[in-house]
Amino acid sequence: MQREVMFAGFGGQGILLIGNILAHAAMEQGFEVAWVPSYGPEMRGGTAYCLVAISDRPIGSPIIRNPMHLVAMNRPSLEKFAPMVKPNGVVVINSSLISIGAERDDVDELRVPANDIAKDLGSTKVANIVALSAFVARSNIVDFEVLRKCVQEQFASREKLIPINMAALDAGEKAARLK
Amino acid sequence: MAKTYKKPEALSEQVTHYCPGCTHGVIHRLLAEVIDELGIRGRTVGIAPVGCAVLAYNYFTFDFQEAAHGRAPAMATGIKRVRPDLMVFTYQGDGDLASIGMGEIIHAANRGEKFTTIFVNNTVYGMTGGQMAPTTLKGQRTTTSPAGRDVEDVGMPVKMAELISALETPAYITRQTVIKPKYIVRAKKAIKKAFQYQMDRRCFSLVELVSTCPTNWGLTPVEAIKWTEENMLPYFQLGEFKTPDEVEED
Amino acid sequence: MGKILMKGNEAIGEAAIRAGCLNYFAYPITPQSEVAEYLSRRMPEVGGVFLQGESEVAVGYMLFGAAGCGARVLTTSSSPGISLMSEAISYISSAELPVVFVNIVRGGPGLGGILPSQADYFQATKGGGHGDYRLLVLAPSGVQEAVDMVMMAFPLAEKYRNPVMILGDGLIGQMMEPVEFSDHLKSEPSNKDDWATNGMDTRNRKERNLVKSLFLDAELLEEHNLVLKAKYDRMKQEEVRYEPYNLETDYRALVVSYGTMSRVCKTAIDNMKAEGIEVAMIRPQTLFPFPIDPIRAAAAKDGCQAAISIELSMGQMVEDVERSVQGKCPVHWHGKAGGEIPTPEEVVDVIKSLIK
């Protein structure tokens with residue numbers, strides 16, 4: 001079975017990075033993965049997105065019109081991609097920056113104030129990790145412990161960033177489990 | 001004791017296809033002598049241009065590559081980058097080096113590629129039949145400037161040695177000629193010096209040689225020498241324009 | 001060493017090093033500049049040569065010079081850059097030098113766009129430069145296959161003393177997939193002393209070597225072209241590579257597709273299979289030599305109502321598909337050239353419209 005996650009936001013929110021971390025975690029867990037960056041007409045308006053496909057068999061088309069899940073970090077991304085998500089998918093909404101909802105009754109909408117949580121932890125820069133964590137906790141797309149290990153590896157060369165990113169993981173997980 | 005003519009080892013037995021009075025033969029011989037004297041024949045790679053000297057490799061006895069028009073400096077760059085121990089020279093005419101290959105020669109010189117360029121300037125495209133070159137003199141008639149080079153229309157003749165000397169990168173740049181024995185001695189010294197700089201992995205080196213083309217100029221070999229002295233040498237002045245030593249002293 | 005997640009462009013750079021290619025000349029162009037960026041870091045680490053040339057024209061001849069003296073060399077570029085290198089590719093082909101070119105194809109003509117495309121099919125397989133020459137053209141459909149093909153390309157280039165082109169596309173360059181690298185290859189062409197201008201002292205021989213492409217005598221040029229043709233004919237005999245997909249079924253249509261587009265077609269074929277419609281695919285992994293015989297055999301099978309060339313161009317490979325099918329069934333084309341990649345749904349609709 002193939003599952004796809006669209007990560008979308010504006011440049012500088014670390015969108016490509018969280019896609020990369022999820023792809024890495026899925027690979028570690030033995031899945032086939034493909035990570036496709038913003039590379040299309042959708043790039044306009046400063047929107048950054050990437051798509052991660054995870055499957056138990058070789059991945060055919062990495063170009064997906066209707067992803068299974070969405071992590072939207074800003075409003076234009078939500079407006080653009082929410083209508084495309086497949087029924088029963090998880091839609092994570094960064095409610096710190098997005099006041100509206102997905103306007104869908106057939107998806108699992110999860111509102112996470114990622115920027116506010118990150119700010120409380122000491123830096124809004126880790127809002128992306130909060131959102132990724134909440135998404136993984138909610139969707140169980142990969143094992144949470146594998147994700148934890150991959151986040152740690154991601155920051156291995158900048159060790160002083162590990163504690164805050166680990167805290168962001170915990171906070172994101174907590175936010176997802178609360179709902 | 002009288003010296004007898006002895007063919008340099010680097011020169012082949014083959015009779016050249018060059019026209020009477022053409023200076024390529026002299027330049028080939030100077031190159032071969034320098035290569036023999038430096039004992040580098042076994043590690044030299046020449047690069048033949050497109051132009052009259054496209055078949056230059058027939059007259060030498062060491063490795064050669066044949067370039068596309070103007071691209072010899074890029075090929076020399078490729079060779080020197082992967083085999084810095086080889087001695088590499090490009091042999092180029094004015095159409096090849098100063099027109100279609102202007103980009104390649106300028107950038108190779110500016111990177112300070114450690115090869116040597118022998119630039120034979122005779123103001124015309126020889127092989128294709130005497131068309132106007134970037135170095136064609138003001139007012140000089142050619143098959144594509146029948147009324148004489150109009151500098152209002154196509155600009156002034158390009159002085160390559162001066163142009164390349166203007167680059168900040170250290171280099172050995174000189175202009176010589178081979179139209180008379182007294183000049184030939186100096187030209188050979190310049191070629192040897194250029195090769196020496198390359199051997200020492202010091203810098204890019206270029207020897208521009210003011211040359212003749214009696215056939216396309218429509219002159220006899222003797223007239224061509226006179227024409228060169230009277231017309232070319234005042235504009236393309238001989239001398240050393242740049243050495244790496246003076247740059248390093250600054 | 002296990003799998004690592006890598007961007008196609010960076011993986012191609014790493015694969016070159018594993019393939020023993022320590023000489024890279026290139027000029028930046030989107031969407032493949034990451035190869036140059038990656039190798040500008042990696043080549044110094046492994047004692048290799050990295051040089052950013054002043055233009056693709058110059059780069060073409062840097063490759064010529066370096067390959068001419070026996071070095072294993074690579075360049076990567078994208079469509080407009082390959083156009084500029086095409087002069088050198090013609091000369092390199094004639095001089096019979098092993099050089100590996102990677103074209104991460106973008107949309108054209110002209111400046112075109114930077115999105116994925118397969119519109120350089122003709123350029124890669126039919127020429128691009130002047131004269132009768134052929135490149136051996138490999139077409140990967142993912143990052144791992146791009147790596148494998150880089151590893152394959154050098155020995156092939158050396159076997160035939162002929163340039164090899166890897167025809168990727170922007171998506172393969174930009175996407176990340178898990179890759180595994182195999183062991184290092186031996187670092188240099190083994191027979192190079194017979195032809196390379198590596199210096200008589202180096203090879204300890206008295207005969208000089210000459211690397212050239214000029215044959216003024218008609219008989220000699222004819223002879224030279226026959227030598228080249230014999231190589232191309234041998235490639236047709238020995239190097240055809242393709243992947244059959246769903247070919248063992250009673251398929252109603254045959255898709256021919258390569259690279260990124262073939263992945264979309266696979267998904268479309270899987271989706272149709274779930275609906276009970278069998279469609280087969282032949283995915284050429286070599287575009288020259290083209291898998292003519294397998295395609296003809298597959299198209300001739302009872303029940304195959306159509307052969308469809310699906311490509312990211314306005315219909316280039318379809319000409320080779322027609323040439324292969326030889327009227328055994330109707331041949332159709334479907335494609336896009338602007339940079340958008342047809343979705344599996346779109347491909348399903350197209351196939352369904354062509355079969356009963």
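This is a predicted model: local features need pLDDT of at least 70, side-chain atom pairs count only at pLDDT 80 or more; totals for chains, interfaces and linings use all residues.
The arrangement of the chains was examined next. There are 2 pairs of chains in contact, and of these chains B and C share the most contacts. Chain A and chain B do not touch, their nearest C-alpha atoms being 34 Å apart. Between chains C and B, 31 residues of chain C are in contact with 27 residues of chain B. On the chain C side, two or more residues are given by each of strand 2, strand 3, helix 3, helix 4 (79–94), helix 8 (200–203) and strand 9 (210–211) of chain C. Helix 3 of chain C gives the most to this side, with 8 residues.

Just after helix 3 of chain C, G70(C) takes a positive phi of about 95°.

In the contact between chains C and A, 20 residues of chain C are in contact with 17 residues of chain A. The chain C elements that give two or more residues to this contact are helix 7 (170–174), strand 8 (176–179), helix 10 (259–275) and helix 13 (344–354). The largest share of the chain C side, 5 residues, comes from helix 10 of chain C.

Chain C also contains an open sheet of 7 strands, with the order 3-2-4-5-7-6-13 and mixed pairing. Strand 3 (49–52) and strand 13 (286–288) of chain C stand at the edges; each has a single partner strand, so one side of each is left without a neighbour in the sheet. Neighbouring strands of this sheet are turned by 20° against each other on average, direction ignored. Strand 6 (residues 136–138) and strand 7 (residues 164–169) of chain C run parallel and are joined by 3 bridges; V137(C) has M165(C), in strand 7 of chain C, as its bridge partner. Helix 2 (residues 33–45) of chain C lies across strand 2 (23–26), strand 3 and strand 4 (73–77) of chain C, and runs at about 140° to strand 3 of chain C.

Chain C is divided into domain 1 (4–198 + 226–238) and domain 2 (243–354). The C-alpha centres of these two domains of chain C lie 27 Å apart, and their contact takes 26 residues from domain 1 and 22 residues from domain 2. On the domain 1 side, helix 5 (121–126), strand 6, strand 7, helix 7 and helix 9 (218–238) of chain C each supply at least two residues. Helix 5 of chain C gives the most to that side, with 4 residues.

The largest nonpolar core comprises 263 residues, of which A72(A), V92(A), V130(A), A131(A), L63(C), V150(C) and L254(C) touch the most other members. Its largest share, 11 residues, comes from helix 6 (residues 143–160) of chain C, and at least three residues are drawn from each of domain 1 and domain 2 of chain C. Neighbours within four places in sequence aside, V130(A) is in contact with V112(A), A114(A), I117(A), A118(A), A168(A), A171(A) and G172(A).

Elsewhere in chain A, M166(A) lies in helix 6 (residues 162–178) of chain A. M166(A) counts as partly exposed because it has 18 C-beta neighbours inside 10 Å. The C-alpha atoms of M166(A) and V151(A) are separated by 7.6 Å, although these residues are 15 residues apart along the chain.

Note on methods: Residues are numbered from 1 along each chain as its sequence is written. Chains are lettered from A and ligands numbered from 1 in the order in which they are written. Two strands pair if DSSP finds at least two bridges between them. Axes are lines fitted to C-alpha atoms, for helices over the stretch in contact, and angles run from 0 to 180 degrees between N-to-C directions. Two residues are in contact if their C-beta atoms, placed from the backbone, lie within 7 Å. A nonpolar core is a set of buried Ala, Val, Leu, Ile, Met, Phe, Trp, Tyr and Cys residues joined through C-beta atoms within 7 Å. A residue is buried if 20 or more other C-beta atoms lie within 10 Å of its own, exposed if 12 or fewer, and partly exposed in between; C-beta atoms are placed from the backbone. Domain bounds come from an automatic or database domain assignment.
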